[in-house]
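Student: I would like to go through this model with you. Could we begin with the sheet and then turn to the ligand?

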Amino acid sequence: MLTPIQELQRFAQGAVGVEGLGKLALIELKRQVDGHVGDTGKLSKEHFAVWAASQDLAVLIPAAEAIITKSGIAGAAQPTPSGDSSDELAGVLRKVLSRPAGVDEAAVNAIIERKLAVALQGLAPHRIVVSQAGEVTLTDCVHPMFESVLREIAAGNNVLLVGPAGTGKTTLAGHVAQALKRQHSILHFSGGMSEADITGRLLPVKEGMTFDFVESDALRCYSEGNALITFDEIDRADSNTLTCAHAPLSNGHWFVQARFKAPLVDRGENVGFIATANTWGSGADRMYVGANQLDAATLNRWNTQIEIDYNCKLEEQLATAYALPVIHLAQIWEIRQRMQEANLRRIVSTRNIISAARSLQAGTSWEQILIQTITPGWTHQERVTVGVAK
Ligand SMILES: Nc1ncnc2c1ncn2[C@@H]1O[C@H](COP(=O)(O)OP(=O)(O)OP(=O)(O)O)[C@@H](O)[C@H]1O
Ligand SMILES: [Mg+2]
């Protein structure tokens with residue numbers, strides 16, 4: 001896959017027209033154009049050249065001329081053709097390149113906004129029809145696997161989401177609850193948790209300090225119904241403790257001994273379960289050293305298991321939402337790619353991308369962000385490998 005900058009370079013070389021540019025390349029083009037409009041509100045040839053040079057896109061200028069020639073527009077006096085946006089852009093570029101230079105910012109924006117609107121079509125809002133919830137509209141960016149997970153939960157399956165850190169698994173579970181209009185309870189699993197954390201505990205809450213059963217939020221949701229219960233980071237749990245959470249996954253009731261007055265809890269209507277994990281339940285590996293091996297009986301109850309990986313489409317949308325310039329997103333992707341190729345024991349996650357965007361907004365320099373947010377704690381040699389250090 002080409003990075004947006006590579007796309008722009010191909011555009012610059014005349015290998016692809018503006019119609020062939022992807023959304024990110026267009027956003028970057030627009031951002032660069034926006035950022036180089038002078039005080040007069042006109043985009044000057046000099047500004048354009050400075051930008052092109054600063055982006056190692058100096059070839060853009062002759063290429064623009066090539067596009068202009070190809071589209072058959074001759075001479076600066078030629079009126080901007082309407083209709084085809086390639087020709088229209090060529091017309092605007094022609095004006096940029098003509099002397100005295102100057103182009104109407106609105107003209108550039110109008111073309112690129114229109115291209116963007118087409119490119120962004122179908123991304124948001126996201127409409128999905130689910131039998132139980134009717135039509136669902138989510139305005140948030142969702143992971144491309146969202147729809148599959150939603151359908152599985154609506155169909156009554158227990159869904160295990162597996163993927164590296166920070167891909168959006170926990171967020172996706174929240175989106176499913178939101179879309180199905182269900183209450184959402186999350187159990188954060190760890191090796192040290194007890195059965196009481198899952199179901200509830202006896203506490204001296206009654207008059208005279210006598211004990212009564214205080215149910216967990218998950219148990220309350222289970223009995224009330226219309227709920228999604230997320231077993232977050234299930235591969236961090238002690239595999240034996242997890243046994244007490246087997247019953248609700250496969251039976252219509254949950255027998256909770258500590259609820260001594262009425263231990264049998266019936267399952268309410270429309271209760272679904274999602275679990276998240278970094279591993280497939282086979283135990284710790286060199287990255288996820290805190291993961292535990294899961295019992296086969298536990299794994300068998302998660303009848304749909306879906307991989308959630310880093311997704312460029314989602315990251316593009318988040319980068320736009322968090323105002324992270326595409327050029328920086330492209331660099332992060334490149335770091336990730338080199339990291340994977342070199343088999344480094346490191347992670348560059350969607351979470352890191354959002355943190356980088358936040359730091360940039362707060363005024364931190366990009367060089368500093370690359371060190372402290374994208375490659376924190378990496379060795380110099382690792383940074384050299386991914387191109388962050390020399
Ligand atoms: N669809 C999304 N919309 C907005 N933010 C998102 C989305 N997906 C992920 N994020 C953000 O990315 C970060 C990582 O997401 P999340 O915590 O869901 O990942 P995870 O896969 O559960 O990670 P881990 O395996 O480490 O628990 C969070 O800051 C979250 O807010
Ligand atoms: Mg998570």
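Student: In which sense do strand 7 and strand 10 pair, and over how many bridges?

Tutor: Strand 7 and strand 10 pair in the parallel sense, over five bridges. Two strands count as paired if DSSP finds at least two bridges between them. Helices (H or I, at least four residues) and strands (E, at least two) are DSSP runs numbered from the N terminus. Please note that this is a predicted model, where local features need pLDDT of at least 70, side-chain atom pairs count only at pLDDT 80 or more, and totals for chains, interfaces and linings use all residues. Residues are numbered from 1 along each chain as its sequence is written, while chains are lettered from A and ligands numbered from 1 in the order in which they are written.

Student: Which residue stands opposite Ala275 of strand 10?

Tutor: Phe231 stands opposite Ala275.

Student: What is the strand order of the sheet?

Tutor: The sheet is open, has five strands in the order 4-7-10-3-11, and pairs them in parallel. Strand 4 (183-188) and strand 11 (304-307) are at the edges with a single partner strand each, so one side of each lacks a neighbour in the sheet. From one strand to the next the twist averages 20 degrees, with axes taken as lines fitted to C-alpha atoms, for helices over the stretch in contact, and angles running from 0 to 180 degrees between N-to-C directions.

Student: Is strand 10 mostly covered or mostly open?

Tutor: Strand 10 is mostly covered, as seven of its seven residues are buried. A residue is buried if 20 or more other C-beta atoms, placed from the backbone, lie within 10 Å of its own, exposed if 12 or fewer, and partly exposed in between. On one side of strand 10 are Val271, Phe273, Ala275 and Ala277, on the other Gly272, Ile274 and Thr276, and all are buried.

Student: Which strands does helix 7 lie across?

Tutor: Helix 7 (residues 146-154) lies across strand 3, strand 7 (227-232), strand 10 (271-277) and strand 11, and runs at about 155 degrees to strand 3.

Student: Now the ligand. How many residues surround ligand 1?

Tutor: There are 19 around ligand 1, the closest being Ala165, Gly168, Lys169, Thr170 and Thr171; a residue is near if its C-beta atom, placed from the backbone, lies within 6 Å. Helix 8 (169-179), helix 13 (312-321) and helix 15 (350-361) are the elements that give two or more residues to this shell.

Student: Which domains does the shell around ligand 1 draw on?

Tutor: The shell takes at least three residues from each of domain 2 (126-307) and domain 3 (312-386), with bounds that come from an automatic or database domain assignment.

Key: Contact = placed C-beta atoms within 7 Å.
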